[in-house]
Each structure stands twice: as structure tokens, then as C-alpha cells.
Amino acid sequence: TATPRIGDILQKLAPFLKMYGEYVKNFDNAMELVKTWTERSPQFKFIIQDIQKEKVCGNLTLQHHMLEPVQRIPRYEMLLKDYLRKLPQDSLDWKDAEKSLEIISTAASHSNSAIRKMENLKKLLEIYEMLGEEEDIVNPSNELIKEGQILKLAARNTSAQERHLFL
């Protein structure tokens with residue numbers, strides 16, 4: 001109660017939130033692994049079920065707990081925006097809270113960017129498999145810009161041929 005501030009604390013801790021981007025990048029893969037091993041291994045399934053029954057888990061599934069870190073940064077960003085809306089602009093915490101929001105917004109952006117990159121790589125992998133795995137296009141530097149049907153006009157007789165284009 002002597003110094004009711006949180007902006008200065010968040011400002012010091014916010015740079016560490018960028019590491020959530022790595023967690024988010026691997027989230028879908030981790031969820032898929034849990035699903036696969038739950039289906040493949042009865043022993044794994046029973047261990048997970050036993051752990052989930054414990055009081056400390058709050059009757060929530062492992063997948064629910066795995067989702068929490070993905071939601072954390074957007075939640076911090078939302079709470080800090082709300083805090084700033086209600087905080088008087090002449091408050092001692094205003095500048096620190098504003099700087100904290102800026103850092104947390106950057107971390108959220110970094111996290112969203114990691115998600116988009118992973119989705120892009122997944123899509124490239126799907127295209128690679130559709131093309132018969134002949135041309136290796138799966139590379140973090142490659143980006144799918146657009147795909148769709150086009151009409152190719154033949155130069156000789158101006159007939160149109162339907163094609164599917166990946167740009």
C-alpha cells in the first residue's frame with residue numbers, strides 16, 4: 001500500500017515474455033505428441049489421467065494446462081491496457097505501465113509472428129507432399145504468398161487451361 005505500482009515491476013520482467021514465442025511455435029507439435037501417445041500407449045494415458053485427477057490440477061486436462069502459456073501474453077496485454085485506462089495520467093505508475101505495455105505488446109507480436117511462421121511452414125509442407133515431394137520447398141526463408149486457380153492461355157490457339165498456382 002505504500003507504493004501501489006506494478007508498471008515498474010512488469011517493465012523489468014516483460015522482456016522475458018519473448019521466450020513464449022518459442023513455446024507457441026512448438027505448441028501444436030506438443031499437443032499432437034500428447035494426443036498420439038495417449039492413443040498409442042495405455043500406460044501413458046493412465047499416467048496422464050491419474051495426474052489430472054489430482055486436486056492441484058483443478059479437474060483440468062493436460063492440454064488445458066498446456067494452453068495457459070499461449071494465452072498468458074495476450075491476457076497480460078489486455079489487463080495492462082485496462083489498468084492504464086483506469087489509472088490517472090498523473091499517477092507515478094503511468095510512464096512505467098505505458099512502457100511495460102509497449103514491451104508486452106512487442107512480445108505478443110513476436111508470439112503471433114511465431115505462430116504465423118509455423119502455419120506457413122505447415123502449409124509449405126502440405127504443398128511439398130501434394131507435389132510428390134519432388135521439389136523441396138520447405139524452408140523457413142520461403143513464404144507462401146497466395147495460391148489458387150488460374151487460367152493459362154496457350155500462345156498458339158488462345159485456348160485456356162486451368163492450373164493451380166502456388167506463389
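Colleague: Let's start with Ala30: where does Ala30 lie?

Modeller: Ala30 lies in helix 2. A helix here is a DSSP run of H or I with at least four residues, numbered from the N terminus. Bear in mind that this is a predicted model: local features need pLDDT of at least 70, side-chain atom pairs count only at pLDDT 80 or more, and totals for chains, interfaces and linings use all residues. Residues are numbered from 1 along each chain as its sequence is written, and side-chain values use heavy atoms, leaving out hydrogens and water.

Colleague: Why is Ala30 called partly exposed?

Modeller: Buried means under 20% relative accessible area and exposed means over 50%, with partly exposed in between (1.4 Å probe, protein chains only). Ala30 has 27%, so it falls into the in-between class. Across the fold, the C-alpha atoms of Ala30 and Gln63 are separated by 9.4 Å, though these residues are 33 apart along the chain.

Colleague: How do you know that the length of helix 2 agrees with what a helix should span?

Modeller: The expected span is 1.5 Å times one less than the number of residues. Helix 2 (residues 20-40) has 21 residues, so it should span 30 Å, and its end C-alpha atoms are 29 Å apart, which agrees.

Colleague: And where does helix 2 bend?

Modeller: At Phe27, by about 45 degrees. That bend is the angle between axes fitted to the seven residues ending there and the seven starting there. Phe27 is also one of the buried residues of helix 2, along with Tyr20, Gly21, Val24 and Val34. Their cover includes helix 3 (42-53), helix 4 and helix 5.

Colleague: What about helix 4: what does it reach from end to end, and where is its kink?

Modeller: Helix 4 has 25 residues and reaches 36 Å from first C-alpha to last, close to the 36 Å expected. The kink, about 40 degrees, lies at Gln71, shortly before the proline Pro74. The buried residues of helix 4 are Met66, Pro69, Ile73, Glu77, Leu80 and Leu84, and they pack against helix 1, helix 2 and helix 5.

Colleague: Why is the Glu77 and Lys81 pair called a salt bridge?

Modeller: A salt bridge needs a side-chain nitrogen of Lys or Arg within 4 Å of a carboxyl oxygen of Asp or Glu. Here the N to O value is 4.0 Å, so the pair qualifies. Glu77 and Lys81 are 4 residues apart in helix 4, which means about one helical turn separates them. Lys86 and Asp82 pair up likewise, at 3.3 Å, N to O. Lys86 is exposed at 63%, whereas Asp82 is partly exposed at 27%.

Colleague: What makes a group of residues a nonpolar core?

Modeller: They must be buried Ala, Val, Leu, Ile, Met, Phe, Trp, Tyr or Cys residues, joined through side-chain atoms within 4.5 Å. The largest core here has 14 residues, and Leu17, Ile73, Leu80, Leu84 and Ile104 have the most contacts inside it. Helix 4 (62-86) and helix 5 (94-130) each supply at least two of its residues; the largest share, 7 residues, comes from helix 5. Apart from it lies another core, of 5 residues, including Leu124, Ile127, Tyr128 and Ile137.

Colleague: Which residues does Leu80 touch?

Modeller: Contact means heavy atoms within 4.5 Å. Not counting residues up to four places away in sequence, Leu80 touches Leu10, Ala97, Ser100, Leu101 and Ile104.

Colleague: Ser100, then: buried or exposed?

Modeller: Buried, at 0%. Ser100 lies in helix 5 and, leaving aside neighbours within four places in sequence, is in contact with Gly7, Leu10, Gln11 and Leu80.
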